[in-house]
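Thanks for making time for this one.

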Amino acid sequence: MDCPHPKSKGAKRCKSCSAKFMATDPEIQRRRREGIARHHAKPGVKLEYRERMRKVMEKVKADPALMEKRREHGRWLHANVLTRPDVVEKTLAPETREKRAATLSATRMRDIPGAYRDEYRRLVASKKATAAEAKAIILEQFKRDIAA
Ligand SMILES: [Zn+2]
């Protein structure tokens with residue numbers, strides 16, 4: 001047994017060892033992730049969460065002391081985590097950058113069909129169209145293409 005000191009008879013682990021086991025067991029982690037994913041897949045859950053967070057942030061922004069606490073935490077994060085060599089290395093790794101790019105385009109270009117995103121980027125980068133104009137052009141093109 002991984003816990004040499006279970007508190008009660010019949011118990012497998014003490015409280016501390018049990019917490020450690022629950023936090024590190026791959027099977028438990030997998031089930032936990034699945035449970036979270038199932039919850040977030042329910043209709044309305046994400047929207048409700050977004051709305052709740054928006055309200056929380058409204059309150060925080062209205063309170064200078066809370067905002068200062070946030071800034072303080074940001075400075076702490078930068079000094080103690082984000083500039084740590086192992087973290088910097090991970091941040092700059094090609095696979096991390098790829099993953100980040102995929103997440104960003106999935107969010108920012110969620111209205112643009114995947115196959116049209118390069119064309120959309122080209123339009124916006126060429127400065128011939130604003131993002132809104134480019135979106136309208138692309139969606140028009142998309143409608144024509146699926147009608148054809
Ligand atoms: Zn223990």
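This is a predicted model: local features need pLDDT of at least 70, side-chain atom pairs count only at pLDDT 80 or more; totals for chains, interfaces and linings use all residues.

**Burial and overall layout**

Of the 148 residues of the protein, 2% count as buried, where buried means that 20 or more other C-beta atoms, placed from the backbone, lie within 10 Å of a residue's own. Residues are numbered from 1 along each chain as its sequence is written.

As for secondary structure, taken as DSSP runs numbered from the N terminus (helices are H or I with at least four residues, strands are E with at least two), the protein has eight helices and zero strands. The radius of gyration, taken over C-alpha atoms, is 24 Å, well over the 15 Å that the globule rule (2.2 Å times the number of residues to the power 0.38) gives for 148 residues, so the protein is more spread out than a compact globule. Its C-alpha trace spans about 70 × 45 × 35 Å along the principal axes.

The domain assignment, which is automatic or from a database, gives domain 1 as 11-41 and domain 2 as 44-92, and their C-alpha centres lie 25 Å apart.

Finally, helix 3, residues 45-62, has 18 residues and reaches 26 Å from its first C-alpha to its last, close to the 26 Å expected at 1.5 Å times one less than its number of residues. How many of the 18 residues of helix 3 are buried? The number is zero, so helix 3 lies largely in the open.

Key:
A residue is buried if 20 or more other C-beta atoms lie within 10 Å of its own, exposed if 12 or fewer, and partly exposed in between; C-beta atoms are placed from the backbone.
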